[in-house]
Amino acid sequence: EDQPIYLAVKGVVFDVTSGKEFYGRGAPYNALAGKDSTRGVAKMSLDPADLTHDTTGLTDKELETLEDVFTTVYKAKYPIVGYTARRILNEDGSPNLDFKPEDQPHFDIKDEF
């Protein structure tokens with residue numbers, strides 16, 4: 001049985017197992033898997049230095065790309081299975097009271113679930 005493949009963008013963890021031809025071992029975007037790759041998605045980069053949650057210094061264009069890919073690729077195609085600690089907790093570890101789960105209004109759950 002294949003291991004599930006997860007990746008996070010903007011602190012949202014997606015199950016990308018159905019896209020294993022993209023994210024699986026040896027696949028083109030495997031570097032994004034298993035971590036929060038927000039910066040890499042924004043910059044369309046697989047450079048290890050960009051495979052981080054950190055969005056400091058991104059250009060408006062990169063931030064636009066991030067939003068676009070987050071919405072039209074990840075949220076549209078892959079189920080949300082959780083959130084990174086950074087998304088649900090404050091720096092001091094206390095719960096982030098502003099946390100709101102993402103909705104997936106255009107997401108169609110497939111029969112296999």
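## Salt bridges

The count of salt bridges in this structure comes to six, and the model in which they are found is a predicted one. One of them joins E67 to K10, with the closest N and O atoms 2.6 Å apart. This pair links distant parts of the chain, since E67 belongs to helix α3 whereas K10 lies in the loop between β1 (6-9) and β2 (12-15), 57 residues apart. Both partners are partly exposed: E67 has a relative accessibility of 37%, and K10 has one of 24%.

A salt bridge is also formed by K43 and D50, whose closest N and O atoms are 3.5 Å apart. Here K43 is partly exposed at 33% relative accessibility, while D50 is buried, with a relative accessible area of 9%.

## A network of charges

The side chains of D103 and K75 meet in a salt bridge as well, at 3.7 Å from N to O. Because D103 is in the segment after α4 (85-88) and K75 is in helix α3, the pair ties together parts that are 28 residues apart in sequence. D103 is partly exposed, with a relative accessible area of 49%, whereas K75 counts as buried at 13%. These two residues also take part in a network of salt bridges that links K75, R87, E102 and D103.

## Aromatic pairs

The structure holds eight aromatic pairs. In one of them, the rings of Y23 and Y29 have centres 6.2 Å apart and planes at 40°, so this pair is tilted. Y23 is buried, with a relative accessible area of 5%, but Y29, at 38% relative accessibility, is partly exposed.

Y23 also pairs with Y78, and because the planes of these two rings stand at 85°, with the centres 6.0 Å apart, the arrangement is edge-to-face. The pair links distant parts of the chain, as Y23 is in helix α1 (residues 20-23) and Y78 is in the loop between α3 (60-77) and β3 (80-83), 55 residues apart. Both Y23 and Y78 are buried.

## The ring cluster and a charge over a ring

Ring pairs join F14, F22, Y23, Y29, F70, Y74 and Y78 into a cluster. One ring of this cluster, that of F70, has the charged end of K10 sitting over it, 4.3 Å from the ring centre.

Key:
Residues numbered from 1 in each chain as written. Predicted model: local features only at pLDDT ≥ 70, side-chain atom pairs only at ≥ 80, totals over all residues. Heavy atoms only, no water. Phe/Tyr/Trp six-rings, centres within 6.5 Å; stacked < 30°, edge-to-face > 60°. Buried < 20%, exposed > 50% of the residue type's maximum accessible area, 1.4 Å probe, protein only. Helix = DSSP H or I, 4+ residues; strand = E, 2+ residues; numbered from the N terminus. Lys NZ or Arg CZ within 6 Å of the ring centre and 35° of its normal. Salt bridge = Lys/Arg side-chain N within 4 Å of Asp/Glu carboxyl O.
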